[in-house]
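Hi,

Here is the structure I promised to pass on to you. Have a look at it first, then read my notes below.

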Amino acid sequence: MTVTVEETPRSKFKLVGPKEVGYNIKQVDVFLERARAYFLNADTHGSAITSTDVRTAVFDPARGGYSAQAVDAAMDRIEDEFVLREKELLIAAQGEKAWMMKIGKTASVLRARLHRPDGERFRRPTGKNTPSYNVKDVDVLCRELLVYIEDNGELSVDVVRRAVFAPEKGADGYEESQVDAFLDRVVELMAAIDSQPSR
């Protein structure tokens, strides 16, 4: 099922079984109704919603709730629509050069970290039993991202959105929160780049 901002939440998602865990139905419906209302009426005085809000939205687990896979896929598409809208609004207000400067600035910040040597790209947790991400797994993705940014490499934003790293403990891995925050910025950049006709 393909879901766009205009269609949500009137298009209901698949439900998991009564004993299975999905997303809280009410929370998903409320968020998507807010997103839809803002997207269709961006000039109203309602609470603004950005592509970042869509990307970082979290829903509580609930038995018999919406299928997480279906909701996540729809949220990805909705985020892309918000990114495109934000691009159009910025270009209309400040010109295309402003949009390109925004992309370039973000890419420059990300590129600096991606150029760090393997094993040194992110902090290591100080707590011995603190959950962390496998260093090699993260570094492999970072090398792919560097090719994407610098050499126009082929990499889907969904690969980054769905990236999973083997778990580690403490300083054996990278700090999860720092990696997650970095990848959020990467997704933001990739969604912006992929909204360009040439990509």
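This is a predicted model: local features need pLDDT of at least 70, side-chain atom pairs count only at pLDDT 80 or more; totals for chains, interfaces and linings use all residues.

The second largest pocket has 13 residues in its lining, and those nearest its centre are S51, E86, W99, K102 and E188. A pocket here is an open set of points on a 1 Å grid over the protein atoms alone, where a 1.4 Å probe fits, with protein on both sides within 12 Å along at least five of seven lines; lining residues have an atom within 4 Å of a point. Two or more lining residues come from each of α2, α3, α4 (96–114) and α7, and α4 gives the most, with four residues. Helices are DSSP runs of H or I with at least four residues, strands are runs of E with at least two, and both are numbered from the N terminus. The volume of this second pocket is about 160 Å³, where a volume is the space filled by probe spheres set on the points, with grid points joined across faces, edges and corners. Its lining splits into five nonpolar, four polar and four charged residues.

Residues are numbered from 1 along each chain as its sequence is written, and side-chain values use heavy atoms, with hydrogens and water left out.

Now the largest pocket, which holds about 560 Å³ of space. It is lined by 21 residues, and R55, V160, R161, R162 and D184 are the closest to its centre. At least two lining residues come from each of α2 (51–56), α3 (68–94), α6 (157–161) and α7 (176–194). This lining has 13 nonpolar and eight charged residues, and no polar ones.

Those charges bring me to salt bridges. I count one when a side-chain nitrogen of Lys or Arg is within 4 Å of a carboxyl oxygen of Asp or Glu, and the count comes to 14.

- R161 pairs with E79, with the closest N and O atoms 2.9 Å apart. R161 is in helix α6 and E79 in helix α3, so this pair ties together parts that are 82 residues apart in sequence. Both R161 and E79 are buried, which here is under 20% relative accessible area; exposed is over 50% and partly exposed is in between (1.4 Å probe, protein chains only).
- E175 pairs with R123, at 2.6 Å between the closest N and O atoms. E175 sits in strand β5 (residues 173–175) and R123 in the loop between α4 and β3 (131–134), so the pair ties together parts 52 residues apart in sequence. E175 counts as buried because its relative accessibility is 19%, whereas R123, at 47%, counts as partly exposed.
- E188 meets R185 at 3.6 Å, N to O. Both lie in helix α7, three residues apart, about one turn of the helix. E188 is partly exposed at 22% relative accessibility, and R185 is partly exposed at 34%.

What about the nonpolar side? In soluble globular proteins, nonpolar side chains tend to be buried together. A nonpolar core is a set of buried Ala, Val, Leu, Ile, Met, Phe, Trp, Tyr and Cys residues joined through side-chain atoms within 4.5 Å. The largest one has 32 residues, and V138, L145, V160, V179, L183, V186 and M190 have the most contacts inside it. Its largest share, 10 residues, comes from α7. Leaving aside neighbours within four places in sequence, L145 is in contact (heavy atoms within 4.5 Å) with L114, L155, V160, L183, V186 and M190. There is also a second, separate core of 17 residues, which includes Y23, V28, F59 and M75.

Finally, the whole chain: it has seven helices and five strands, and 41% of its 199 residues count as buried. Among contacts with a separation of 6 or more, 81% are between residues 24 or more positions apart.

Happy browsing!

Key:
Ala, Val, Leu, Ile, Met, Phe, Trp, Tyr, Cys and Pro count as nonpolar, Asp, Glu, Lys and Arg as charged, and the others, Gly among them, as polar.
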